[in-house]
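Please have the sequence and the 3D view open side by side.

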Amino acid sequence: MKEKGKVICLGEVLIDFFCMDIGTSLIDGDNFKKQAGGAPANVSAAIARLGGHSLFAGKVGDDPFGHFLKQTLDRYHVDTSMLRFDQSAPTTIAFVSLDKNGERDFVFHRGADANISLEDMDWNKLCQAAIIHFGSATAMMDEPFRQTYFDAMEEASKHDCFVSFDPNYRVDLWLERIEEFIVFSKRGIAMSDLVKVSEEELQIITGLTEREAAVDSLHRWGAKRVAVTLGKAGTYISDEVNAVQVPSYPVRSIDSTGAGDAFVGALLYQISMVNHEEELTFEILKDHVQFANKVAAIVCTKVGAISSLPTLNEVNEFLRHNYPI
């Protein structure tokens, strides 16, 4: 029996070390700030902050960084019963800085998240969830995680779970492997009830620059619903029959880090409350996307991916003060 309101997010949680020396490369940077990162972890935290029931499934090293990440998710009331500690590999770490030209300097040390295996999965919990979100930036890169990822997606589809997929393209990770990224993204799209992509990802995966035609391609490959995030312009959504662009909310943006993950979390939080997928009409989906746009806008007014996530009360207060009826 499906657990209404329960969303499982499968993927990586990692340590981001951000260089606090403005306009400095990693060669010259001296001061770094440690933060919890990883798109699926951010999504799970966003759901929990809004009052939803989220469970994070992934793997970290059995080291201080891994335990810090578990404590962070626990603090945000994310269920970490499927977070595994790896005795053989360290926690995944990324170092990031912005140079004087605004270009990102990025070094990635992959660790335990690559080792997520079939044995790490609690298949009973996976199949009981209302939604399973596959939004990992690293899952499709290497084995054994890649096989685990797609096996879990197939299992979710067989048990009528609502499958959400975000290809989460990162140029720093894929570099010369874009063709592989496209192939594996299509595989995920074919099994998805909801595909969330940025406009850049949409063009990379389909090879098309015209938005409507590109979204039609995703539907032909199997996506039931598509949400294309457009930054300040809002979100374009489609369900094969209907399509519309839902406007964003104008804010003074301070830091857009994590806004996309907050959008996904807020959207899945709303969808998870629908009793049956048949009840998720296009008008209801449109309302859910509008709410998710609000949450993403709020995140842009603060610094940090997880620390900027709002509660449901904070969303309502923000709207009351900034967009009174």
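Asp-160 is exposed, at a relative accessible area of 66% (exposed means over 50%, buried under 20% and partly exposed in between, with a 1.4 Å probe and protein chains only). This is a predicted model, in which local features need pLDDT of at least 70 and side-chain atom pairs count only at pLDDT 80 or more, while totals for chains, interfaces and linings use all residues. Residues are numbered from 1 along each chain as its sequence is written, and side-chain values use heavy atoms, with hydrogens and water left out.

**Backbone details in the loops**

- Asp-160 has a phi near 60 degrees, a positive value in a residue other than glycine, and is found in the loop between helix 4 and strand 9 (162-165).
- Asn-168 also is not a glycine and has a positive phi, of about 55 degrees; its place is the loop between strand 9 and helix 5 (171-174).
- Asn-168 is buried, with a relative accessible area of 3%.
- Glu-143 and Pro-144 are joined by a cis peptide bond with an omega of about 5 degrees, and Pro-144 sits in the loop between strand 8 (129-134) and helix 4 (145-158).

**Overall build**

- The protein has 11 helices and 13 strands, taken as DSSP runs numbered from the N terminus (helices are H or I with at least four residues, strands E with at least two).
- Its radius of gyration is 19 Å, close to the 20 Å from the globule rule for 325 residues, so the protein is as compact as a globular protein of that length (C-alpha atoms are used, and the rule is 2.2 Å times the number of residues to the power 0.38).
- The C-alpha trace spans about 50 × 45 × 40 Å along the principal axes.
- Of the 325 residues, 56% count as buried.

**Nonpolar cores**

- In soluble globular proteins, nonpolar side chains tend to be buried together.
- A nonpolar core is a set of buried Ala, Val, Leu, Ile, Met, Phe, Trp, Tyr and Cys residues joined through side-chain atoms within 4.5 Å.
- The largest one has 56 residues, of which Val-13, Phe-263, Leu-267, Leu-268 and Ile-271 touch the most other members.
- Helix 10 (residues 282-300) gives the most to this core, with 11 residues.
- Leaving out residues up to four places away in sequence, Ile-271 touches Ile-131, Phe-162, Leu-194, Leu-280, Leu-285 and His-288 (contact means heavy atoms within 4.5 Å).
- Another core, of 44 residues, lies apart from the largest one and has Tyr-149, Ala-152, Tyr-169 and Ile-205 among its members.
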